[in-house]
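Morning, everyone. Have a look at the model on the screen, and then I'll walk you through it.

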Amino acid sequence: MNAVIVNPGVILGSGKWNKGSCVLFNMVHKGMPFYTNGVNGYVDVEDVADAVLFLMEHDHVNERYILVSDNMNMKWFLDETATLLDAKKAHIEVKKLLAELSWRALKMISFFTGKKPAITKETARASLNRFYYSSDKIKQLGFGFKPIRKTLQDACTNFKKQQQI
């Protein structure tokens, strides 16, 4: 069977602002005071869809492709998003001890409220790590990515429109 596997980084774009990575825009808008110095790979939602179509149309089968436009420091991401949303920037660095305490406290609170915690053990720990990814394999085939700065600008513009800010 012919197959193509795509492994996108953190997918960003406009959507349901209380689900998935869109929650980040909501959190920043409300005044997220915390940040980490973790690094991760990010990609525009439209680039993910375009990459899948690109790979299907060009018969690139039985291969795996990483889909990441940019590797970004979380502090930069939060600051850039806060600037675009006219929100207060994060100013309290979260290190390992605070991350561990936070997810535990939020888990306890969720037990009483019945709501999913905004930060889980997995997300707290992952936010401290520095992951770097390369999309060179798909770029060598001629596929290009939208810069994440443009993705943030577009998403923040849509967020402000939909939230009537």
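Helices are DSSP runs of H or I with at least four residues, strands are runs of E with at least two, and both are numbered from the N terminus. With that, read along the sequence: the protein chain goes β-β-α-β-β-α-β-β-α-β-α-α-α-α. That is seven helices and seven strands.

Now the ground rules. This is a predicted model: local features need pLDDT of at least 70, side-chain atom pairs count only at pLDDT 80 or more, and totals for chains, interfaces and linings use all residues. Residues are numbered from 1 along each chain as its sequence is written, and side-chain values use heavy atoms, with hydrogens and water left out.

The overall picture next. The C-alpha trace spans about 50 × 35 × 30 Å along its principal axes. Of the 165 residues, 32% count as buried. Buried means under 20% relative accessible area, exposed means over 50%, and partly exposed is in between, with a 1.4 Å probe and protein chains only. Contact means heavy atoms within 4.5 Å. Take the contacts with a separation of 6 or more: residues 24 or more positions apart account for 84% of them.

Let's zoom in on two helices. Two packed helices are described by the angle between their axes and the distance between the axes. The axes are lines fitted to C-alpha atoms, for helices over the stretch in contact, and angles run from 0 to 180 degrees between N-to-C directions. How do H3 and H7 cross? Helix H3 covers residues 74–84, and helix H7 covers residues 148–163. Their axes come within 9 Å and cross at roughly 40 degrees. That makes H3 oblique to H7. The cut-offs: under 35 degrees is roughly parallel, over 145 roughly antiparallel, 65 to 115 roughly perpendicular, and the rest oblique.

Which residues make the contact? From H3, they are Trp 76, Phe 77, Glu 80, Thr 81 and Leu 84. From H7, they are Arg 149, Leu 152, Gln 153, Cys 156 and Lys 160.

Stay with Glu 80 in helix H3. Is Glu 80 buried or exposed? Buried, with a relative accessible area of 15%. Leave aside its neighbours within four places in sequence, and Glu 80 is in contact with Arg 149 and Leu 152.

Asp 86 is not a glycine, yet its phi is positive, about 55 degrees. Asp 86 is exposed, at 64% relative accessible area.

Last topic: aromatic rings. Rings of Phe, Tyr and Trp (its six-membered ring) pair if their centres lie within 6.5 Å; planes under 30 degrees apart are stacked, over 60 edge-to-face, and the rest tilted. How many aromatic pairs does this rule give? Eight. One is Phe 111 with Phe 112: edge-to-face, 5.3 Å centre to centre, 80 degrees between the planes. Phe 111 is exposed at 66%, and Phe 112 is exposed at 68%. Phe 143 and Phe 145 also pair edge-to-face, at 5.1 Å centre to centre and 80 degrees between the planes. Here Phe 143 is buried at 9%, and Phe 145 is buried at 16%. Finally, Trp 17, Phe 25, Tyr 42, Phe 77 and Phe 159 form one aromatic cluster.
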